[in-house]
Amino acid sequence: MGAKLLCFCLASALVSYYIYTPIPENIEEGWKVMLVTSLFRTVGHVAEVADRLGMMHYMEVMRLITVAEHVAPTSDENVTVTDTEFSNVAVRLYLPRKPARGLRRAVIYFHGGGWCVGQAGMKSYDLLSRWTSSQLDAVVVSVDYRLAPKYHFPVQFEDVYSVTKFFLQSSVLSKYGVDPNRVCVAGDSAGGNLAAAVVQKLLEDSEVTTRLKAHVLLYPALQTLDLNLPSYQQNENGLILPKSLMVRFWSEYFTSDSSLREAMTSNSHVPAESGHLFQFVNWSNLLPEEMKKDYVYTSPVFGSSELAKKYPGFLDPRAAPLLAEDARLRGLPPTYVLTCEYDVLRDDGVMYVSRLRAAGVRVTHDHAKDAFHGALMFVSSPANLPVGNRLRNRYIAWLNENL
């Protein structure tokens, strides 16, 4: 009996140690966040073992979360939902069922998942898209772009750009009863990255005559140069998205070659000849004082030129929109940027806000001090969180006023 009790106590202590993650006091229902974080961590550890043993690629294991969360396209009393293709790219289309009183608004949405996981059919994205369509009486196009490791940059960008360009054709807008003056693109995390890149590219595409009314970036990933920003340091072992996983997402976007991931981990992947690009991500100039949090800016440590020659994508503004020249930012449509305090990507969004404002772009910056990366997706059981519902409602309210 004594031995069994001892084993039980030891096992309980080990499980508790594994599950436990420090949760900031201002996060509501922290126990749910802790459990979800431990689930992601467990899948990550299993993925690491499977990858090392040659059983499955790390990201293929991580994608099991996507498979488990997938829901079929199911229409309801408010929205008709179908899976189809635009320009040979898979999309999930949401059309309001109530009779139109005129031309409708439209939202083109790019899901998150580090360019490696996620899909429009995940429960959380499906709920967000049908809620957007119902609340705004809007057509929603949720894009299922191709993913790494099978496809690397620029495939993901090309997929979402192709869908956007196709949808903005007058004939397509007319087919779905969409007002050409009331279309926006939106995305979260990696999808926010793609949304920012698409909007920049559209400005210089002479073939596109329809201009976007707005764009929305929800805790976006926007730069590859400095992966040691204050937000990366503060949230290195943080909730949902620790630094190590974000670095892995970034490197996998460009290649499965581990040498790039290793260089990014040490923040020494940028060659000296590209040093001028650091002016666009210099957080000592672009972050407000309260977000510098007593961290000290240090000069970049340059790396091998060979990596940049083999994988030039990580220096491409289509992959890192913060690297765009100031002139390229001028003329961008009104923008909503959501950042979360407990997120490695927080400073990416904040720096982009600073640069957009300096370029004369009208920006609404919504900084959630009680939120973490991915919080907007926590709006359904079993991980239904008040913060997720609040952020979703603020996002919808902004679209309602500005689209």
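Reply: A definition belongs at the start: axes are lines fitted to C-alpha atoms, for helices over the stretch in contact, and angles run from 0 to 180 degrees between N-to-C directions. Please also bear in mind that this is a predicted model.

Me: Understood. At what angle do the axes of α6 and α8 cross?
Reply: Helix α6 (residues 155–167) and helix α8 (residues 190–203) cross at roughly 60 degrees, and their axes come within 10 Å.

Me: Is the crossing of α6 and α8 left-handed or right-handed?
Reply: The crossing in which α6 passes α8 is right-handed.

Me: What about α5 and α17, how do their axes lie?
Reply: The axes of α5 and helix α17 (residues 386–402) come within 11 Å, with a crossing angle of roughly 40 degrees. Helix α5 is therefore oblique to α17. The handedness of the crossing of α5 past α17 is right-handed.

Me: And α10 with α11, how do they cross?
Reply: Their axes cross at roughly 140 degrees and come within 9 Å. Helix α10 passes α11 in a right-handed crossing.

Me: Let us move to the strands. What is the order in the eight-stranded sheet?
Reply: The order is β1-β2-β4-β3-β5-β6-β7-β8, in an open sheet with mixed pairing. The edge strands are β1 and β8 (363–372), each of which pairs on one side only. On average, neighbouring strands of this sheet are turned by 20 degrees against each other, direction ignored.

Me: Which way do β1 and β2 pair, parallel or antiparallel?
Reply: Strand β1 (residues 79–86) and strand β2 (residues 89–96) pair in the antiparallel sense, over eight bridges. Within that pairing, T80 stands opposite L95 in β2. The hairpin of β1 and β2 has two residues between the strands, and S87 takes a positive phi near 55 degrees there.

Me: How do β6 and β7 run, parallel or antiparallel?
Reply: Strand β6 (residues 214–218) and strand β7 (residues 335–342) run parallel and are joined by four bridges. The bridge partner of V216 in β7 is Y336.

Me: Now the open spaces. How much space lies in the largest pocket?
Reply: About 940 Å³ lies in the largest pocket. Its lining consists of 40 residues, and those nearest the centre are V36, F40, I65, M122 and F378.

Me: Which elements give two or more residues to that lining?
Reply: For the largest pocket they are α2 (30–52), α4 (64–69), α5 (123–136) and α10 (243–254). Helix α2 gives the most, with six residues.

Me: How does the lining of the largest pocket divide by class?
Reply: The lining of the largest pocket has 25 nonpolar, 11 polar and four charged residues.

Me: What lines the second largest pocket?
Reply: The second largest pocket, with about 600 Å³ of space, is lined by 24 residues. Of these, R41, H45, P242, S244 and L245 lie nearest its centre. The elements that supply two or more lining residues are α2, α3 (58–62), α10 and α11 (258–265). The largest share, six residues, comes from α2. By class, the lining of the second largest pocket has nine nonpolar, eight polar and seven charged residues.

Me: One more topic: how many cavities of 30 Å³ or more does the structure hold?
Reply: The structure holds one cavity of 30 Å³ or more, and the volume of the largest cavity is about 30 Å³.

Me: Which residues line the largest cavity?
Reply: The lining of the largest cavity is formed by V107, Y109, L128, S129, T132, V140 and Y395. At least two lining residues come from each of β3 (104–110) and α5, and α5 gives the most, with three residues. The classes are five nonpolar, two polar and no charged residues.

Notes. Residues numbered from 1 in each chain as written. Predicted model: local features only at pLDDT ≥ 70, side-chain atom pairs only at ≥ 80, totals over all residues. Heavy atoms only, no water. Pairing = 2+ DSSP bridges. 1 Å grid on protein atoms, 1.4 Å probe; cavity = no way out; pocket = protein on both sides within 12 Å on 5 of 7 lines; lining within 4 Å. Points joined across faces, edges and corners; volume = space filled by probe spheres on them. Nonpolar A, V, L, I, M, F, W, Y, C, P; charged D, E, K, R; others polar. Left-handed = near helix turned anticlockwise from the far one by under 90°. Parallel < 35°, antiparallel > 145°, perpendicular 65-115°, else oblique.
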